Structures are given as structure tokens and as C-alpha cells.
Amino acid sequence: MTEKSTIYLDYASTTPVDPRVASKMMEYLTPDGEFGNPASRSHRYGWKADDAVEEARSHVANLVNADPREIVWTSGATEADNLAVKGVARFYKSKGNHIITSKIEHKAVLDPCRQLEREGFEVTYLEPNEFGIIQPGQVKEAIKESTILVSLMHINNELGTLNDLQSIGEITRESGVFFHVDAAQSTGKVEIDLSTLPVDLMSFSAHKTYGPKGIGALFVRRKPRVRIEALIHGGGHERGMRSGTLAPHQIVGMGEAFRIAKLEMTKDHEMIAKYHEKFLDEAMKIEHVYINGDLKNKVPNILNMSFNFVEGESLIMGLKDIAVSSGSACTSASLEPSYVLRALGRKDELAHSSIRFSFGRFTKQSDVDKTLSILNNVVDRLRELSPLWEMHLDGIDLDTVTWNTH
Amino acid sequence: MAYSKKVVDKFENTLNDPKAFNVGRFDPKEENVGTGMVGAPACGDVMKLQIKCEPSGNTHVIKDVKFKTYGCGSAIASSSELVDMLIGKTLEEAKAIKNKEIVDALELPPIKIHCSVLAEDSIKQAIEDYESKQ
């Protein structure tokens, strides 16, 4: 077990399963529970499991105001993104070979796009503005005769900023281009109404919304109809779009998590917005702190900040009692700052010094207070250690220094 | 990622008691001070190392060291480790320090070896600066 003294502020990475969800999942595993295969049509074990799967499908559909028949179960948002992007591209390739996405999409969209490029498709990667937002006008400009699909995320996972789905969707509709949205970060955070939103495909994840890992869904619109080529074949489950025995305990978990999200979204939002305000107020008192993203157009559960003159990974190591994530991928083999922050035009050193704090349903006021006090202290100490801070205090403009790069 | 306990301890000890771990600065203009600064903010690490030396026989001995490092945990730990190795050494002995010694002392993972290279470069540069003043 993780030491309980570690404060968890990485909800945008994953959330714990809500205990109410976990207990519901337990009913679908053991001999005394409903463990049947939902595809078994010949006995009650199968029927019961199928009932549970369909009820869960309704809960997922209900949260986003879709028809349950438009929900396809997948192993997670990554598979849903793959299925949407590759599925549409391959099905409609006789219509065109051009896809539009952005430079700050999740890898679950970018990597399938790279794969499609290898298969002969052409991909346009739109540049976000300095706040991480794609302007509808950019989409309009990028659409051409051969465009078949636009894939953009709703809420950016590193920044929390929101794209204007309504305006972008109106443009894609007008041009007869399909519009896919990765909404992994959205469920339970903002209202989504797919009965009016002009979006054709939307990816969901359970584990960002207090459900289990390993389950997600893809919304595939029926009217106007969208068709996709399956990635996984073997039995024709999910109307041929995704074969494989369904996992009722996972599905029920996602259903229950989304049912609760619908009921508690307002309450969660109010509490988290309060934490966000307090955190922002206090953290901004530290000198040379920069917000990455757009405070006027973002969700309160994600707050990405750069602490100038302090390197992100050392800051994370200093914040050892707090679980947060760094925009700087110095923790990986690449030694590159976040591609998302880079795409915003942030200087590399600011991209190297960014931290993402994300709050959630189980965050307590005391977590926020304690984090702020530790953060203040660690930033101070690391600056005392930082030659860049010393130069800054001496009045040296770091942009004019010639560095001995190695 | 899996840092060795040695890196974590060195980093934390340095952070918690900077003075005891030679964090600080000398006046770079002083004749008996040599300064080396390597790395770049855009690469995510900058090390500044200063040595204060005294003549001793036909060579010079490092009497005191100060450093400041901007960088990941292992960059800070590498500088701090290097400082421990320097005090009391002659310039010749200090020049002979190889990054491998820091890698071994801290059990640095392969992707962090550049931190030790940077530390080796910083002492070379500091000695060069010192010698140019003599």
C-alpha cells in the first residue's frame, strides 16, 4: 500500500474507484454473483449478465444524453480513440485520405494518426494558441476536399483547457466531415449533451471518473450515421464494432461510476472549484509562477503551473509527500519537456519547470492547505540551490547568457 | 522512476540543509576562486561550481567548494557528491576525477549519466578558470 501520508493530487492521471462502484463490481465476479457471459443466450447466467451490461450502457449514455445503442464498450479511452480514428479513416478511405488533429492531442490520438500516415493518409496537426486552444477558424481553414475526419480533444489532460466543440462541430457538419472528440477528461466534470452537440464520435474512460481501469467506451452516432471498420474481430460483439467477451464487472463499474457522476457532478464541481480558487490564490503569491492554460476557459480540477528557475523533476522529488505529475518528461528516457507545453510556445525552461496539480472527489481541504505549505517551502529551497535564481536576483537576463551546452 | 536510495538521500539532505552541503557562492572575482558553469536552462540542467584554493608546495589545494545546481534530483545529487570528493584534493587529483566515480557512488540510472558528465565538466571548467588567474 502507498503510505497514507502521501497526498494524492493526480486525479487527471487516474482516480481511485469510488467504494460504491467497487462494491457493485463485486456482484459480478464470484460464484454467488452474476458471473455469466453476456453473450450466452441459452440460460439465466447469460441473461442476467446481459441485463447488467445493458443497464450500464444506459447509465453511460444517460450521462452524455446519447442513445444507449450509440455506446460501444472498449478497453479504455485509448482503444476508443484508436477505434474512432483508424476505424473512420479505413472505412471512408475511398472518400478521402485527409485527417485533421492538433499537436496537443493525447498520444492515443497522435500515435494512431502516425500509423495512418504510414498507411498513406495525410494528417494536418493544428497549432494551439498560447492557452492550448484550437480555434474553430483553424479547423475551417484546414478542411479540404479530401478531408474525412477531424479529431480533437474536449479537455486537455495537461492543461485543463476546453475546446469549443459546438462551433467546431458546426463547421465539420457543414463540410460533411466526421468529428471525433476525446472526452476522457470530461465526464463528471462538464455537461455534455450529445443530443444537440454536433459530434459524431466521442471517447470515454472509466478510470478518470472514479470507475475501474481497463474499461471505456466509444460513442458512435446513429443519426447521421457513422460507420467504422473494426480493429478487433472475433464474434461480432458490439454490433461488429468490437469483438471479444464483454467484462460485466468492468462494465458495471463504469456504468455505476457514470451514474454517480451524473448525480454528483454539481456537488463535486463546487467543492473542487473552491479548492482551485484557494490553491491558485496562494500559489500565485510565490514569485515568478506562471499558469499554463487558460484560467478563463478551463476546468478547475486541473491546474498546471510553472515555477521559473526551478526544474520540474527536482520539484516533484522535493514534493515527495504529494503525488503530482510533471509536464517535464525528464522522468522518462526522452529528457524532453512536455510536447504540450512546447506547442504553446512556452520557453523550454518553463516547460521543464511545470507541475500539474489535479483535484478530485476525495481531496480534502487539509490536503490543499498542506500541499501549499510544502510547495512554498520546497520552491524556496530549490531556488536557494538554483544558479538561475541567483543570476536573476543579480539582475542578469537569462535570455542574453551564452550557455555551455553539453 | 527508480532512483537509488543514495540519490534520494543526497538530494534530500542537500535540500534540507544547503549550508552544510556547500550550497552557496564565492565572489568569482577573487583571485583564489575558480568558477565553472555548465549546462543550459533549455536542457533542464545548469551546474555552477566554485573552488577556493591555496598554494601548497608546487601545486594548489582545494580548501573549500560552493555550488548551485538547477536540474533534476540526480543533477543536484551529482553536484553535491562531487563537492564531497573535492575538498582537500590537489588540482591534479581533482582533474583526474571521472564521472564514473559519481555514477558509482550514487548508483545513477543510465538515463541520468549525463548528470555526472556535467559534474565532471564543471570541475574541469572551475580549475581552468582558477589556473587562468594564477
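Hi everyone, let's start in the sheet: strand E3 (residues 98–102) and strand E4 (residues 122–126) of chain A run parallel and are joined by five bridges. Strands here are DSSP runs of E with at least two residues, helices are runs of H or I with at least four, and both are numbered from the N terminus. Two strands count as paired if DSSP finds at least two bridges between them.

A quick word on the source: this is a predicted model, where local features need pLDDT of at least 70 and side-chain atom pairs count only at pLDDT 80 or more, while totals for chains, interfaces and linings use all residues. Residues are numbered from 1 along each chain as its sequence is written, and chains are lettered from A and ligands numbered from 1 in the order in which they are written.

Back to E3(A). This strand also pairs with strand E5 (residues 147–153) of chain A, in the parallel sense, over three bridges. A:His98 stands opposite A:Glu122 in E4(A), and in E5(A) its bridge partner is A:Thr147. Are the residues of E3(A) buried or exposed? Five of its five residues are buried, meaning that 20 or more other C-beta atoms lie within 10 Å of a residue's own; exposed means 12 or fewer, partly exposed is in between, and C-beta atoms are placed from the backbone. A:His98, A:Ile100 and A:Ser102 point one way, A:Ile99 and A:Thr101 the other.

Now to helix H1 (residues 19–26) of chain A. Its buried residues are A:Val21, A:Lys24 and A:Met25. They lie on the same side of H1(A), because they cover an arc of only 100° around the axis, taken from the directions from the helix axis to the C-beta atoms. The face turned away from that buried side carries the exposed A:Pro19 and A:Ser23. Helix H7 (248–283) of chain A is included in what covers the buried residues.

Finally, the partner chain: 26 residues of chain A are in contact with 28 residues of chain B, contact being C-beta atoms, placed from the backbone, within 7 Å. Helix H8 (312–318) is one of the helices of chain A that each supply at least two residues of that side, and H8(A) gives the largest share, four residues. Thanks, all!

Notes: Contact = placed C-beta atoms within 7 Å.
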